[in-house]
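Me: Let's go through this one by question and answer. Please keep the cut-offs handy.

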Amino acid sequence: MAPNKLNGPSTCTPEVSLQGEYSVDLASRERVSQDAGRYRTKVPQGVLRPASVEDIQEIVRRCAQQGIPVVARGLANTTDGQGLTDGVLIDMTALNTIHEIGDDYAIVDAGVDWLQLTNAAHAKGLAPPALTGFLGLTLGGTLSLGGIPPAIQSGGQVDSVIELEVVTGTGELRTCSAEHDKELFEAVLAGLGQYGIITRATVRLGIAPERVRGHELSYSEMSEFFRDFRTLLHRSEVSELYGEFGDGQHLSAFTFHETATPPDDQHVLRDLTPTETAISDNDFLPHVTRIDVAVEQLREALDWDHRAKPWFTVWLPETHAERYVTEVVQGLTPDDIGDGGFVLLYAHRRAKLTRPSLRLPEQDDSDWVYLFTLMTATATFSEDLLARNRRLYDRARALGGTRYPIESVAFTQADWADHYGDRWPHLQQVKHTTDPAGILTPGPGIF
């Protein structure tokens, strides 16, 4: 591809040579002016589709010199404008090569999505250890946020990272891991794009399970739902566990297994009290890609991508999860969910969530933390929904909860300082060192 020259009043620099494409065309800029929330709009002054990491370094260096914001965009699945900018937007989906799949690892560009990697790994009998329910998300995106799966003991996707390649806010290219440049490594993973742009990652792989046995349980009472949720969670005999609320309460438990050794249904369901039970069997790959199929169906049926989605997601300590979720769910109206929304509950073993930039609830006597998410999807956006989210956050925070900031809660810098707690002064120093011009991902308003 021939080098492009960036020039004109709307670009960050009058003269930059690139191997990729830099566009100031209005249609190109408007296509990336919203995220999954679909209620905030910010049109960048230019869009870079890099052909190489060197393109990213060059743009970042020039924009740092002129104090122009830079945002790396994957598939834009945050909902409150976190990845929008009126500066320069880097379309990371242009870097989407899987460089290597080894016996227990993969080396991939940040623009590769998890569906692409999962399919490629499965062809070799392998799988990433932590897979979000929906896989149409780039590695760079989920590693900047956390990547929380329905699997209860895998940790997040950030916990499966071996090494990162990162472009800092000065345009410097650095390789970091838990053994080398650990400070940057720990800041960038779940760091919301504040300290560098992830350009490549080495992530762990494991042997892919062959089959998945599903137990889908329904309840008429919240207390019965939570009793069985905790029972299955604490036994830790199932691989995935989550709850869904709508017309009653539903609990989904899935057990990964080899074809020759299926789980015993009576053993899995012992002492549980659902009002209805459905048992299913599936191969592993169709199981982990089923939400992607369902989302495609929502896109066709509801134009789901264009629904407003002011989502709310919060971590809760186990000691307060039942009380909080019960009160919130019982108070929801149809407008809170919308015509394409979901209300879900996950749980994870605290010790498996190891990255310090991913903020968890205050320590209690439980080994488990819960993740509650209200995924509103509606044709008509109202600011009242954002006010609702803030009220829900404040209630959760009073119980020791923390925000999982992929979603839509208005935060001040004081809120961010509270969110990061005793880690806040350290992160301020890392930000000053890695992004002294303060140009990287200003959308969340952290610094």
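**Cavities and a strand**

Reply: About 40 Å³ of space lies in the second largest cavity. A cavity here is a set of points on a 1 Å grid over the protein atoms alone where a 1.4 Å probe fits but cannot get out, with lining residues having an atom within 4 Å of a point. The volume is the space filled by probe spheres set on the points, which are joined across faces, edges and corners.

Me: Fine, but what are the ground rules for the model?

Reply: It's a predicted model, so local features need pLDDT of at least 70 and side-chain atom pairs pLDDT 80 or more, while totals for chains, interfaces and linings use all residues. Residues are numbered from 1 along each chain as its sequence is written, and side-chain values use heavy atoms, leaving out hydrogens and water.

Me: How many charged residues are in the lining of the second largest cavity?

Reply: Its lining includes L131, E240 and R290. Asp, Glu, Lys and Arg count as charged. Next to 3 nonpolar and 3 polar residues, the charged ones number 2.

Me: Which residue in β17 is the bridge partner of R211?

Reply: Strands are DSSP E runs of at least two residues, numbered from the N terminus, and two of them pair if DSSP finds at least two bridges between them. β14 (residues 211–219) and β17 (residues 276–283) run antiparallel, joined by 8 bridges. The partner of R211 there is D283.

Me: And what stands opposite H215 in β16?

Reply: β14 also pairs with β16 (residues 248–257), antiparallel over 9 bridges. Opposite H215 stands A253.

Technical notes:
Buried means under 20% relative accessible area, exposed over 50%, partly exposed in between (1.4 Å probe, protein chains only). Helices (H or I, at least four residues) and strands (E, at least two) are DSSP runs, numbered from the N terminus. On a 1 Å grid over the protein atoms alone, a cavity is a set of points where a 1.4 Å probe fits but cannot get out, and a pocket is an open set with protein on both sides within 12 Å along at least five of seven lines; lining residues have an atom within 4 Å of a point.
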